[in-house]
Amino acid sequence: MPSEGRCWETLKALRSSDKGRLCYYRDWLLRREDVLEECMSLPKLSSYSGWVVEHVLPHMQENQPLSETSPSSTSASALDQPSFVPKSPDASSAFSPASPATPNGTKGKDESQHTESMVLQSSRGIKVEGCVRMYELVHRMKGTEGLRLWQEEQERKVQALSEMASEQLKRFDEWKELKQHKEFQDLREVMEKSSREALGHQEKLKAEHRHRAKILNLKLREAEQQRVKQAEQERLRKEEGQIRLRALYALQEEMLQLSQQLDASEQHKALLKVDLAAFQTRGNQLCSLISGIIRASSESSYPTAESQAEAERALREMRDLLMNLGQEITRACEDKRRQDEEEAQVKLQEAQMQQGPEAHKEPPAPSQGPGGKQNEDLQVKVQDITMQWYQQLQDASMQCVLTFEGLTNSKDSQAKKIKMDLQKAATIPVSQISTIADCRSLVFMAGSKLKEIFDKIHSLLSGKPVQSGGRSVSVTLNPQGLDFVQYKLAEKFVLKLYPPLCSQKQGEEEVASHHEAAFPIAVVASGIWELHPRVGDLILAHLHKKCPYSVPFYPTFKEGMALEDYQRMLGYQVKDSKVEQQDNFLKRMSGMIRLYAAIIQLRWPYGNRQEIHPHGLNHGWRWLAQILNMEPLSDVTATLLFDFLEVCGNALMKQYQVQFWKMLILIKEDYFPRIEAITSSGQMGSFIRLKQFLEKCLQHKDIPVPKGFLTSSFWRS
């Protein structure tokens with residue numbers, strides 16, 4: 001088609017034109033570095049701008065008419081603005097035809113001429129090129145502005161990302177710090193827990209250690225206490241063994257003495273109706289028994305309590321054996337005397353029959369009258385066996401005094417202190433047995449208090465330490481301590497100090513002033529006597545010495561004896577050659593007889609009931625029989641009989657029953673006339689009191705229980 005041919009021609013023409021030969025870089029926006037460099041470099045005009053301004057534009061303004069040059073001048077004016085086409089000598093020189101940059105001057109000249117002809121031929125191309133340059137400039141400015149905006153946006157993004165990264169870093173650091181803090185907290189908790197567990201375990205170990213230490217200390221303390229206790233028990237056992245051994249030797253000595261007395265009774269063999277050999281055989285068996293006990297005890301180091309008890313039973317049996325023998329001898333002598341009296345009576349009657357009526361006279365009075373002589377039917381002296389018993393007790397008392405003579409005469413301060421402590425420990429408990437409320441009434445303590453006093457005395461005699469005056473006292477402090485305590489204790493039972501408001505001594509005068517006092521003193525003395533026989537013998541020795549009528553024994557006046565000594569033997573108190581009043585003398589004798597009568601009938605309620613009384617009612621019966629076989633003494637015999645029967649009559653009545661009533665009838669019918677015959681009118685008080693008491697008892701056929709007797713209710717108090 002003819003139009004298609006022209007199009008191709010047009011295109012070829014356009015391609016061969018100046019604009020067609022221009023190179024356009026469509027991807028210039030992608031060249032960011034070049035664009036940035038162009039933006040940062042100073043603005044430049046085209047290399048041809050100067051040449052055009054200097055050469056082309058003036059010629060065009062001259063050749064073209066005003067109408068035609070107006071628009072071009074307008075364009076030129078537009079091109080002359082400094083903002084678009086500034087002058088540049090360098091540029092003009094650079095692009096001038098004669099520029100030395102062209103290697104070939106001729107060639108450059110040709111080109112410049114060619115170019116000039118091209119420019120001159122088309123002024124519109126200059127406009128286009130200027131517009132292109134302006135467009136490029138504007139486009140570049142837009143690109144620069146866009147790039148700047150993009151850079152700012154990128155910077156903002158980078159800033160935001162940086163801030164976000166910084167915040168994230170902070171959060172990360174915070175999270176990391178939190179994690180570390182948490183790990184540290186967990187670690188610290190674990191350590192604290194471990195520490196607490198370790199402390200708890202340590203405290204537990206400490207507690208276990210303390211507990212074990214406490215247990216060990218307790219065990220050690222118990223072991224030490226056990227050791228001390230065992231040592232103390234061993235010491236006490238040895239001391240008790242030594243005491244028992246000495247007691248066994250004393251028992252053996254007494255047994256041998258009794259055996260000698262038993263052998264001395266051979267002189268009465270002709271009078272006895274019983275076989276004396278049986279008594280002697282049994283006595284020898286008892287002596288052999290004690291010898292065997294001592295021999296066995298020596299082999300086993302120390303005797304036991306059973307061995308001592310067995311020896312004491314053997315001794316009591318020996319005493320009873322000797323007593324029975326004495327009673328047999330007394331009975332035989334009485335029968336012999338009665339037989340002799342009957343024979344004498346028969347002979348007297350025969351003589352009277354032979355002499356006639358003068359022989360039928362009244363026989364003489366049975367007792368000594370005021371001015372007459374003594375009746376031959378009754379005796380004044382005590383029986384020999386009783387006198388021997390009395391002498392043995394006095395000898396034992398003197399031997400005991402000699403035993404502790406070294407302690408009493410010692411000048412050592414320590415020994416004196418021990419003596420005083422032992423004396424207080426022995427006498428103070430006895431002084432506490434009863435208390436005086438006033439001079440008219442006696443108030444006794446309860447049975448429990450009496451038992452406490454008894455236990456204290458028994459512990460002292462057993463070698464155990466007791467508290468006295470705030471200190472611990474024991475008879476083991478001195479080898480002679482036991483003998484000293486036994487003697488002082490026995491003496492205190494009989495002669496215990498009495499409060500000064502009423503009297504001076506308790507055992508003898510307290511009982512005399514307050515009859516009820518006999519029973520608490522007697523029951524303690526009886527209990528101590530049962531457990532410690534030697535104390536009982538010493539009590540009897542003191543009692544016989546202070547009151548010989550308790551034997552009974554009437555001391556006789558010997559030639560050359562001082563009157564004061566004889567009065568002391570009778571029981572009177574003599575001071576500065578002055579003898580006490582008869583009333584005081586009778587009161588003391590009455591008190592001691594009442595004490596003796598209470599002892600023989602009372603037993604310690606907490607003792608062994610299977611054992612016999614060491615000095616029981618049989619001795620009371622013996623005393624009553626012997627006192628009735630002796631001539632009465634004025635004022636003394638009636639007083640002693642009344643006191644003895646009032647205290648001990650009820651017990652004797654229960655023990656001997658019919659025989660006792662026969663004896664009371666004998667006293668009333670036979671003995672009362674004898675007492676009345678020797679009693680003066682001024683001394684009839686004691687006789688009348690005895691007579692009224694005896695008649696009342698015979699009338700009621702009963703003897704009342706003595707006032708102050710310790711009943712079972714007393715021990716429950």
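At roughly what angle do the axes of helix α17 and helix α19 cross? The legends below take up this crossing, a loop residue and the whole chain of a predicted model.

**View 1. Crossing of helices α17 and α19.** Helix α17 spans residues 533–546 and helix α19 spans residues 582–599. Their axes come within 10 Å and cross at roughly 150°. Angles over 145 degrees count as roughly antiparallel, so α17 and α19 are roughly antiparallel to each other. The crossing is left-handed.

**View 2. Residues in the contact of α17 with α19.** On the α17 side, the contact is made by L540, L543 and K546. On the α19 side, M589, M592 and Y596 take part. Five of the residues in this contact are nonpolar, one is charged and none is polar.

**View 3. V551 in the loop between α17 and α18.** Helix α18 covers residues 563–570, and V551 sits in the loop between α17 and α18. The relative accessible area of V551 is 0%. Buried means under 20%, so V551 is buried. Leaving out residues up to four places away in sequence, V551 touches T386, W389, Y390, H544, R622, W623 and Q626. V551 and Q626 are 75 residues apart in sequence, yet their C-alpha atoms are 9.0 Å apart in space.

**View 4. The whole chain, for orientation.** The chain contains 24 helices and six strands. It has 717 residues, of which 37% count as buried. Among contacts between residues at least 6 apart in sequence, 75% join residues at least 24 apart.

How values were computed
Residues are numbered from 1 along each chain as its sequence is written. This is a predicted model: local features need pLDDT of at least 70, side-chain atom pairs count only at pLDDT 80 or more; totals for chains, interfaces and linings use all residues. Side-chain values use heavy atoms; hydrogens and water are left out. Axes are lines fitted to C-alpha atoms, for helices over the stretch in contact, and angles run from 0 to 180 degrees between N-to-C directions. Helices (H or I, at least four residues) and strands (E, at least two) are DSSP runs, numbered from the N terminus. Angles under 35 degrees count as roughly parallel, over 145 as roughly antiparallel, 65 to 115 as roughly perpendicular and the rest as oblique. A crossing is left-handed if the near helix is turned anticlockwise from the far one by less than a right angle, and right-handed if clockwise. Contact means heavy atoms within 4.5 Å. Ala, Val, Leu, Ile, Met, Phe, Trp, Tyr, Cys and Pro count as nonpolar, Asp, Glu, Lys and Arg as charged, and the others, Gly among them, as polar. Buried means under 20% relative accessible area, exposed over 50%, partly exposed in between (1.4 Å probe, protein chains only).
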